[in-house]
Amino acid sequence: MVLTTVIISRGGQDSLRLARERLGADVVVVPRGSVTGVEGALLLGNATNTYMPRGVVDRITAVPGVAQASSQLYLTSMANSSCCSVSTMFMFAFDPVTDFTVEPWLQEKLGHDLQVGQAVGGADVFVPEGQDKIKLYGYDFDLVGNLERTGTNLDQTLFMTFPSAYAMQEISKTKAKMALPLLTDTVSSVLVKVDQGADRTQVAQAITDAVPEVQAVPAAEMFGSYGDQISGVLRTLVVIVVLTVALSLALMAVIFLMSVHDRRRQIGVLRALGATQRFVMLAYMTEASVLAVAGGLAGAVLAVVVVYFFHDLLVSALGFTILLPSVLSMIVLVVVGLLVALVVAAAAAIVPALRASREEPAVSMRE
Amino acid sequence: MTAAVSLRGIGKSYSGKDAASFAALHDVDLDIETNEFLVITGRSGCGKTTLLNVASGLATPTSGTVTVDGVDIWSISDAERSGLRNRTMGFVFQFPSLIPGLSLEQNVMLPLEFSGVEHEDGPQRARELLDLVGLGHRTEALPRELSAGQQQRVVVARALVNRPTLLLADEPSSDLDEETEDEIMQIFSRVHSEQRLTIAMVTHARNLIPFGTRHLEMGDGTVRADGADPGANGD
């Protein structure tokens, strides 16, 4: 329970943090009333149609405190399509001239901008086996690289430039089963970098005031509802964990008391033969430790199985994404979990062990 | 000659459920001499097992002193007392006292494990003692594979493994048939005479008195009669 709770809580928080970092922005601007929809699209892949006129970009750029503004467009999502390498793929278009989120990565990894017909994928996007390109709406894309994992919907996203999106739309009219429903001169969001030293919250308010049809949110507050959700779920999980640990402690204490009682006479005999009080204490505490390690390992394996194999179910049930820990982090968490198990077992065993060690051998051997 | 065990002014009381205390022993003065075979008899509840427990350090006296080989055993720490018990005493209890999960050889070697000293000849010694009690061919057997009488013989072997100077037996044959009882008593007689072992044995069977060199009769928590027995060693 402890390990699962820690994995879920850290995974959820890490996922949100990486999603915010991936945005790369100080302020995120979306159509008024669509913050929740955008959050759901970015994190969980929920379908959303959020569009605003491209003209808002210039108005946003004119707001004092705004250093840079770059627009993005959510094209569409495709589920179980023959073209797609993941179960559901999402497509984003970005402005290669003003972008400051994907472009730095491109420069670092590829050394050049994305050309028309090239795309960058999230961690889970790959070219289907037997093909050398990803075909979408009849248009072939070269997958030139993959971004790092975030544990969010961004891992199943294909990033392309606006020119590539428009080219794809044109091709789709003749070569796709269904034309790509792309609205030109529209954008879905505008990512903003503020001037150095500017207050992000104040700039966001200024944008909202200057462009009433949009809503500007400091990036740090993005996914706030999901953060609250994580906190709420975690509070519940913590209560359950505390109760479970307390109940385990009580049950183990009873079991150790019964074990000591069943072996009283045996302890008396060992004491008669020369075993010291310390020996008896050590024997019981060692037994408790072995049981704790065995139980802790079994619990750790179960936690890993649950989290890894039922990850999608957990995300669906909890309503927020969970970034799975690295192997090293998992090892550290398992070790911490074992330590918790050892402490609980020791706490449960110490009183029965003390009683057993301090009882007179003659009393122990009495029927 | 210094007594193997010396009890002076011994009293042992237990608190009852209604807070009234019960005196299992009172005003007991006793010297168990070296190489004696002391047989202690008395009715049930007269305090003979309590006397043995107090003399061996398994029960704390409410009053008085217990000296073993010149050492006041209640003036030393529990660890020292356990060590003294391990080095100088062997125990044969009335109830089955072998450890179920250990083989006969391992059970016999248990006192060696608690001695804190490496015993390279431990397994050899255990096998010799199992031979002495007629079970040398069953060293790897588990206690559950043996009869009660056979188990008690292994307990005798265990009691002797550390070469103690004092053997304490509490009703060692009460649950055994006559033939097995006689076998146990013959072993006791043999080690008493050959190894000059001091033995203190509690029993309610008066037919075992002749095996001893001294008979102590107890009643109501104190010594009623104390004298040498002319039927020493069952001769």
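Which residues do ring pairs link into a cluster? The cluster joins A:Tyr74, A:Phe92 and A:Phe159.

1. Basis. This is a predicted model, where local features need pLDDT of at least 70, side-chain atom pairs count only at pLDDT 80 or more, and totals for chains, interfaces and linings use all residues. Residues are numbered from 1 along each chain as its sequence is written, chains are lettered from A and ligands numbered from 1 in the order written, and side-chain values use heavy atoms, without hydrogens and water.

2. Aromatic pairs. Rings of Phe, Tyr and Trp (its six-membered ring) pair if their centres lie within 6.5 Å; planes under 30 degrees apart are stacked, over 60 edge-to-face, the rest tilted. A:Phe92 and A:Phe159 have centres 5.8 Å apart and planes at 75°, so they are edge-to-face. A:Phe92 lies in strand 4 (residues 88–94) of chain A and A:Phe159 in strand 8 (residues 157–161) of chain A, so the pair ties together parts 67 residues apart in sequence. Strands are DSSP runs of E, at least two residues, numbered from the N terminus. Both A:Phe92 and A:Phe159 are buried (under 20% relative accessible area, 1.4 Å probe, protein chains only).

3. Chain B pair. B:Phe91 and B:Phe93 are stacked, because their ring centres are 5.7 Å apart and their planes at 10°. B:Phe91 is buried at 3% relative accessible area. B:Phe93 is buried too, at 6%.

4. Charges over rings. The charged end of A:Arg265 sits over the ring of B:Phe95, 3.8 Å from its centre. A:Arg366 lies over the face of B:Tyr14, at 4.9 Å from the ring centre. The criterion is NZ of Lys or CZ of Arg within 6 Å of the ring centre and within 35 degrees of the ring normal.

How values were computed:
Helix = DSSP H or I, 4+ residues; strand = E, 2+ residues; numbered from the N terminus. Buried < 20%, exposed > 50% of the residue type's maximum accessible area, 1.4 Å probe, protein only.
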